[in-house]
Amino acid sequence: MAVAKVSLLDALHEHFGFDSFKGNQEKIIKNILSGKDTFVIMPTGGGKSLCYQLPALMSPGVALIVSPLIALMKNQVDLIRSYSSKDNVAHFLNSTLTKAQIKKVRSDLTSGKTKMLYVAPETLTKQENIDFFKELEISFIAVDEAHCISEWGHDFRPEYRRLREMIEMINPELPIIALTATATPKVQSDIVKNLELRTPEIFISSFNRPNLYYEIRAKRKKDLVIKDIVKFIHQHKGKSGIIYTLNRKTTEELADMLVANGIKSVAYHAGLDSTTRAGRQDMFLHEDVEVIVATIAFGMGIDKPDVRFVIHYNIPKSLENYYQETGRSGRDGLEGICLCFYSYKDVQKLEHLMRDKPLSEREMGAQLINETVAYAESSVCRRKVILHYFGEKYEGENCGKCDNCLHPKEKIEVKNRAFIVLKA
Ligand code: ADP
Ligand code: MG
Ligand code: ZN
């Protein structure tokens, strides 16, 4: 790629107004500009977008950015436009656009005005789009949220598995940049294999979130748990928090209970229509409610920096989910309290949810659940276990910010043996 000779720092300042790079950003950007395949693993909030946005602005042609969620795409494009004086520097192309809008996007692309085009994987499956992209000068392809490729990830999307095939049709030589906030070693190798990255340079940032406090509580009877939660929230009056539950009904029930206890709260789940969902999400973002009680349908791409607590009413189905969901607290670097209630009954519920799946999937699911159970029952530093899960070693004996370090105890009290053993 031919790149104009300005320093990266100048370019950063010119395009984004920032004075310095964060973490690995500069090294990553240099690697991308050299035309090599690049794999970026950086926790949420680390600044992944800039890693492809700056090179896109500095390279000839347009960068295609694959993103899984249509709602996220619009946010990203709006954000880029807010930095730039030219609206057509970034566009998105997905099923929400009208014919006239598509025509405008295409003409901006053809005339070379657009430096970044966000696309859904579905956009790339359409032959007319492939034919159009073939004729364009493309700088590189960025695959955001690349963990969606892997069944071992927390948000598998089958269409993501066909990306290589699509890229092959557009231009097999194109450099690929894969980015994700979540990659256990298994997910990492899935991504490299599936996108057929060519001896990629891999940049891994630490997954440690030093400002988050982790605690697991044995889950007692329902009314006691609710009492516990209400008490906790009253102690954090006026702060924003998320409560995750396993099923839709519980989100409504819990939200009602909180409201009855004087806590402003709403439920959020995939069974609500999209207007209601968007409305409730806005209420949470704008602090018209303090607490949102949600299924895992809530959260991806939600960028509220000052969420002060995340409560898991049920144990999540994998440590990966746990890390992502708890990770939505304390994004501003200030306090984030992560409470998780754990009972054997909830483990059985998770197992029950998989009952109709093929054996191979149930095996995979059981393994993920068992890892979470081991975490919950462990008396080892929570941070150490989480980081180990991501292939990272936590140096130090006592993190000072988890229940096991602060209040060492024998074991979490649960009845029965909690691990799942599948019957073939
Ligand atoms: P990620 O995709 O890794 O979760 P984002 O790309 O959304 O993270 O960036 C998180 C925040 O960090 C954004 O508000 C972004 O503007 C900010 N940011 C990124 N790079 C820098 C930088 N070099 N200096 C200051 N802020 C930055
Ligand atoms: Mg991102
Ligand atoms: Zn600890």
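Ala, Val, Leu, Ile, Met, Phe, Trp, Tyr, Cys and Pro are counted here as nonpolar, Asp, Glu, Lys and Arg as charged, and the others, Gly among them, as polar. In this predicted model, the shell around ligand 1 divides on that basis into five nonpolar, six polar and two charged residues.

**The ligand shell**

Ligand 1 is surrounded by 13 residues, of which Phe18, Thr44, Gly47, Lys48 and Ser49 are the closest. Helix α3, spanning residues 48–58, supplies the largest share of this shell, with three residues.

**Helix packing**

Two packed helices are described by the angle between their axes and the distance between the axes. The table gives these values for two pairs.

| Helix pair | Angle between axes | Distance between axes |
|---|---|---|
| α2 (residues 25–33) and α3 | about 45° | 9 Å |
| α7 (residues 127–134) and α8 (residues 163–170) | about 45° | 8 Å |

Angles under 35 degrees would count as roughly parallel and those of 65 to 115 as roughly perpendicular, and at about 45° α2 is therefore oblique to α3. The crossing of α2 past α3 is right-handed. On the α2 side the contact is formed by Gln25, Ile28, Ile29, Ile32 and Leu33, and on the α3 side by Leu50, Cys51, Tyr52, Leu54, Pro55 and Met58. Sorted by class, this contact of α2 with α3 holds ten nonpolar residues, one polar residue and no charged residues.

Strands of a sheet pair through backbone hydrogen bonds, either parallel or antiparallel. Here six strands form an open sheet with parallel pairing, in the order β8-β13-β12-β9-β11-β10. Because β8 (212–218) and β10 (265–268) stand at the edges and each has a single partner strand, one side of each is left without a neighbour in the sheet. On average, and with direction ignored, neighbouring strands of this sheet are turned by 15° against each other.

Turning to the strand β10, helix α12 (residues 274–285) lies across β10 and β11 (291–294) and runs at about 140° to β10.

Conventions. Residues are numbered from 1 along each chain as its sequence is written. Chains are lettered from A and ligands numbered from 1 in the order in which they are written. This is a predicted model: local features need pLDDT of at least 70, side-chain atom pairs count only at pLDDT 80 or more; totals for chains, interfaces and linings use all residues. A residue is near a molecule or strand if its C-beta atom, placed from the backbone, lies within 6 Å of it. Helices (H or I, at least four residues) and strands (E, at least two) are DSSP runs, numbered from the N terminus. Axes are lines fitted to C-alpha atoms, for helices over the stretch in contact, and angles run from 0 to 180 degrees between N-to-C directions. Angles under 35 degrees count as roughly parallel, over 145 as roughly antiparallel, 65 to 115 as roughly perpendicular and the rest as oblique. A crossing is left-handed if the near helix is turned anticlockwise from the far one by less than a right angle, and right-handed if clockwise. Two residues are in contact if their C-beta atoms, placed from the backbone, lie within 7 Å. Two strands pair if DSSP finds at least two bridges between them.
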